[in-house]
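This short report looks at strands, their pairing and their surroundings. Please have the sequence and the structure open while reading.

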Amino acid sequence: MSLYRQTLALTSRLLLKQALKTRITGETRNIKRWVAPTLNELYTRRLKVGPEPPQPRSTFLEWNYEAEVFAFGKRLGEDFDKNILKQALTHRSFVIAEEEKAKQKGVQFEELASNRSLIKESDKIVSDFLKEEFKEHPDDVAEALHDYLTSVDMLAHVASHMGLRDIILTSEFPVENSTLADTFKAVVAALKQSQDLARAQIFVKDFLISQLNGKDIFDIWNPEKPLEYLTNLLRQRGINEFEPRLCNQSAANTILANYQVGLYNNKKLLGIGWGESIQIAKETAALDAIQRLHYQK
Amino acid sequence: MSALKRVQQWATFARIWHVYDAAWQNPFHSAKLLKKYLMGLHKPIYHPLNDCGDHVIVINTGDIALPEDEWKKRAYFHHTGYPGGASWTVAWELHDKDPTMILKKAVYSSMDGNLQRRYTMERLHLFPDGKVPADLMKNVSNQIQQIRPVPKRLDHYSEQERKEFPKLIDYPKDYILR
């Protein structure tokens, strides 16, 4: 029955076409067939060309350097002197580059202050403050913490997340880690000059020392040969010998062997540790003993 | 990651070897117990994708005790895949042929079609008697407690214990036992 109706519809349409001698165009209001393939082709060509090279933020529209510098201080909740902060953000390479440009154009060059002296001043501020903060820790631990926090990577990490990457004036792009680290230090010195040393120290505490959050002491300080270190440490406290004892073990004959060794002195536990082999377990137990001795856990 | 954290991770995911004495135990109850250790369900870190199952060495599988008359009535089906290859084997016959099969099948079927049971079963080591290779026993660090207490044979009691046992009644002295 429906087949009859279909053939009837088709023949009547053909007859109508003949009669009216017009073309029935296929114009419809949906998304055309060629749209998706075209967009796909454009996308693959864009990918083939590769990503756009990174551009400094200052080359984009709506860049107001004065506003950015002002906002930087306010964002951190600190009151900076505008000129000193600008000096802190100006790198020597930028000054040299500006001088070259001015010479080439024949324009008189106005002296820009660079952050070189501020960096030097800040080295001392930061180091002294860190040493003061970590004075309760044993000497080598304090030194390791100081080195970790003042390393280029750490300072660059802090500076980058603080928003210094976009407002630093340097000749190179992208900004290098060493430049970021130096600029962070310069900002600390700028704060000290704008306000006082106490404020600068609080700044270092809030932004640099807080990076230690959630870290274990042995993430930062790794004594080589922990057993020897422990022996020396105990000798200083009048304990001349200790014995390692196997507390627990499992799957000793397999590659997933697991041993627990405890270090004892006169039947008193100094430290306990796990390990893949007995030697590693002893070393871990030594690390545990060192941690307990230093921090009286 | 510090050394301490690394070894803590290692120790948490360490594989433990257990030993279980199947003598006088019901294999089906034992299977229910052993399955937990094999799959790692006894650990708080359990997850099916975690691969946290332990090894279990079962000894004396030849001395298991099936309930009631299961030895005579429980039949195991096997088909070779070829026409006419179906066979039903009664429990005692199967046990004669291979004393570890009953417990192995009990553990396998206790895992109810779990997709991981093929390789979980690889961690189960069955021995018909107490003779286990020394290499394997060196790994063991735990013994799983038996479900049913093993009854003591009368001739394993000492003379003194038999005399001191508080008897309610006894045969008359001149009674002849048939």
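## Terms and model

Two strands count as paired if DSSP finds at least two bridges between them. The model is predicted.

## The sheet of chain A

Chain A holds an open sheet of 3 strands in the order 1-2-3, with antiparallel pairing. Strand 1 (243-250) and strand 3 (268-275) of chain A stand at the edges. Each has a single partner strand, so one side of each lacks a neighbour in the sheet. From one strand to the next, the twist averages 20 degrees.

Strand 2 (residues 258-265) of chain A pairs with strand 3 of chain A over 7 bridges, in the antiparallel sense. Within this pair, Y264(A) stands opposite L269(A) of strand 3. Helix 1 (residues 3-12) of chain B packs on the sheet and touches strand 2 and strand 3 of chain A. The direction of helix 1 of chain B makes about 70 degrees with that of strand 3 of chain A.

## Strand 2 of chain B

Strand 2 (residues 55-59) of chain B is largely enclosed by the rest of the structure, because 5 of its 5 residues are buried. Side chains in a regular strand alternate between the two faces of the sheet. Here H55(B), I57(B) and I59(B) point one way, and V56(B) and V58(B) the other.

Strand 1 (residues 17-21) of chain B runs parallel to strand 2 of chain B, joined by 5 bridges. H18(B) has V56(B) as its bridge partner. With helix 2 (residues 27-39) of chain B, these two strands make a right-handed β-α-β unit.

Strand 2 of chain B also pairs with strand 5 (residues 124-126) of chain B, in the parallel sense, over 3 bridges. There V56(B) stands opposite L124(B).

Terms used
Residues are numbered from 1 along each chain as its sequence is written. Chains are lettered from A and ligands numbered from 1 in the order in which they are written. This is a predicted model: local features need pLDDT of at least 70, side-chain atom pairs count only at pLDDT 80 or more; totals for chains, interfaces and linings use all residues. Side-chain values use heavy atoms; hydrogens and water are left out. Buried means under 20% relative accessible area, exposed over 50%, partly exposed in between (1.4 Å probe, protein chains only). Helices (H or I, at least four residues) and strands (E, at least two) are DSSP runs, numbered from the N terminus. A crossover is right-handed if, with the strands pointing away from the viewer, the path from the first strand over the helix to the second runs clockwise. Axes are lines fitted to C-alpha atoms, for helices over the stretch in contact, and angles run from 0 to 180 degrees between N-to-C directions. Contact means heavy atoms within 4.5 Å.
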